[in-house]
Amino acid sequence: MRIATGKNSARNLATRKKHARRVLHLIGSMGCGGIETWLLHILRATDRSELAMDFLVHTPDPAFYDEEILDLGARIIFAGHHNAPVQLARRMSRAFEALGPYDVVHSHVGLFSGFSLALARYHKVPTRIAHSHNMLAHPDHAEPVTRKLYNSLMTQQIHFHATHGLAASPEAAQGLFGNNWQQDPRIQVLFCGLDFSAFEAQVDNTAIRKQFGFSPDNLVLAHIGSFSTQKNHEFLLDIMYHLTQKNPKTRLLLIGDGPLANSIREKTAVLGLQEHIHFAGLRNDVASILKAADAFVFPSLFEGLGLALVEAQAAGLPCFVSDTVPAAATILPQTVHRLPLKAGAELWADTISKRHTPKPVPQTDALAAVRESPFDILRSLNHLKQVYGLRPS
């Protein structure tokens, strides 16, 4: 077990012990994904005399949000990888014993939550939450027997050890808790909210586009997501190929990073799209970038919700998304165009070409609508506090 602490940790420790409801989040790492962004926004909005949170991670390398998490007085505990369960169990047990007692263990690691919550129950943590943030990537019949056995075992462990089940959408609830999840009173949908204040600022569109080598007359499309199979970047490149045949001034900005980044760069070169696509990496100015774009494209193979789509709507962008993205992420139906992936990249390109302008809703109105939705940070935090046994603000 290795613990990272920030400059405020010692000062906040007494407060944690005396007053705060103490929560341990279990997550792979605090990189720049949708789950992690939500948790950071929750941490920012939290009164730490009321709610003190730590993060137990499975990745030893520093992650995108680590520094801010530590500055906010939380601790990051590296306990080992899933692939070494005996060592992981020992380190997690030491964390419960040395840093506890915790009032809540909130697990964001999918089916592996069965393992984590069993340990939490052994250590007498009273509130144990399995949180589903995604749909199942593959149906059971397409998986090997060993994976099916693992899924079955972990599902049983979650059912036995979880006191609560949360999900980012009804589809995510079905993915982890099964088709009959609504019959279990422990399980509910909790929409992950964000602080959208960054979308209020006026931006210099020309200056932002210039950062990436784009000009004012370019058609700029944006995508946010990790470079993983789920996000379907290869299909996105196929869309771009057809779009650039229609309009050579089309540009695509890819925000994110991940294991498939190099292969996507290679395909970009094969398709001759190097001058049309910019790899922006991980960013902390997403709101400004989205406001300077013309449209948002999100052809995911599956999503638990798709918080990036919510952000794109806050920016007032026309959004072109796959019909696999849960409907709950659509706040402004007039801005969201849902398309089947099986229709093919050329049809997607035709639709984007015809419908990317004009923007159907002024950005200020779009932002107001998003803030009135369940995806506002304070609504999300109050819902979470109720699950933790605290009174909402």
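Strands S9 (residues 219–224) and S12 (residues 295–298) run parallel and are joined by 2 bridges. Helices (H or I, at least four residues) and strands (E, at least two) are DSSP runs, numbered from the N terminus. Leucine 221 faces alanine 295 of S12. This is a predicted model, in which local features need pLDDT of at least 70 and side-chain atom pairs count only at pLDDT 80 or more, while totals for chains, interfaces and linings use all residues. Residues are numbered from 1 along each chain as its sequence is written, and side-chain values use heavy atoms, with hydrogens and water left out.

**The sheet**

S9 and S12 belong to an open sheet of 6 strands with parallel pairing, in the order S11-S10-S9-S12-S13-S14. Two strands pair if DSSP finds at least two bridges between them. The edges are strand S11 (277–281) and strand S14 (336–339); each has a single partner strand, so one side of each lacks a neighbour in the sheet. From one strand to the next, the twist averages 25°.

Two helices pack on this sheet. H9 touches S9, strand S10 (250–255), S11 and S12, and its direction makes about 165° with that of S10. H13 touches S9, S12, strand S13 (319–322) and S14, and its direction makes about 160° with that of S13. Axes are lines fitted to C-alpha atoms, for helices over the stretch in contact, and angles run from 0 to 180 degrees between N-to-C directions.

**Helix pairs**

Two packed helices are described by the angle between their axes and the distance between the axes.

| Pair | Angle | Axes |
|---|---|---|
| H9 (residues 233–246) and H13 (residues 345–355) | about 55° | 8 Å apart |
| H5 (residues 113–122) and H6 (residues 145–161) | roughly 35° | within 8 Å |

H9 and H13 are therefore oblique to each other; angles under 35 degrees count as roughly parallel, over 145 as roughly antiparallel, 65 to 115 as roughly perpendicular and the rest as oblique. H9 crosses H13 in a right-handed manner. Phe235, Asp238, Ile239, His242, Leu243 and Lys246 of H9 make the contact, with Trp348 and Ile352 among the residues of H13. Contact means heavy atoms within 4.5 Å. The contact of H9 with H13 has 7 nonpolar, 2 polar and 4 charged residues. Here Ala, Val, Leu, Ile, Met, Phe, Trp, Tyr, Cys and Pro count as nonpolar, Asp, Glu, Lys and Arg as charged, and the others, Gly among them, as polar.

The crossing of H5 and H6 is left-handed. A crossing is left-handed if the near helix is turned anticlockwise from the far one by less than a right angle, and right-handed if clockwise. The H5 side includes Phe115, Leu117 and Arg121; the H6 side includes Met154, Ile158 and Phe160. The contact of H5 with H6 has 6 nonpolar, 4 polar and 1 charged residues.

**Loops and backbone**

Most residues other than glycine have a negative phi, and most peptide bonds are trans. Lysine 124, in the loop between H5 and strand S6 (127–132), has a positive phi of about 65°. Lysine 124 is exposed, at 71% relative accessibility. Asparagine 232, in the loop between S9 and H9, has a positive phi near 65°. Asparagine 232 is buried, at 13% relative accessibility. Buried means under 20% relative accessible area, exposed over 50%, partly exposed in between (1.4 Å probe, protein chains only).

A cis peptide bond, with omega about 5°, joins glycine 100 and proline 101. Proline 101 sits in the loop between helix H4 (85–99) and strand S5 (104–107).

Glycine 316 lies in the loop between helix H12 (307–314) and S13. Glycine 316 is buried, with a relative accessible area of 1%. Beyond its neighbours within four places in sequence, glycine 316 contacts Lys359, Val361, Gln363 and Ala366.
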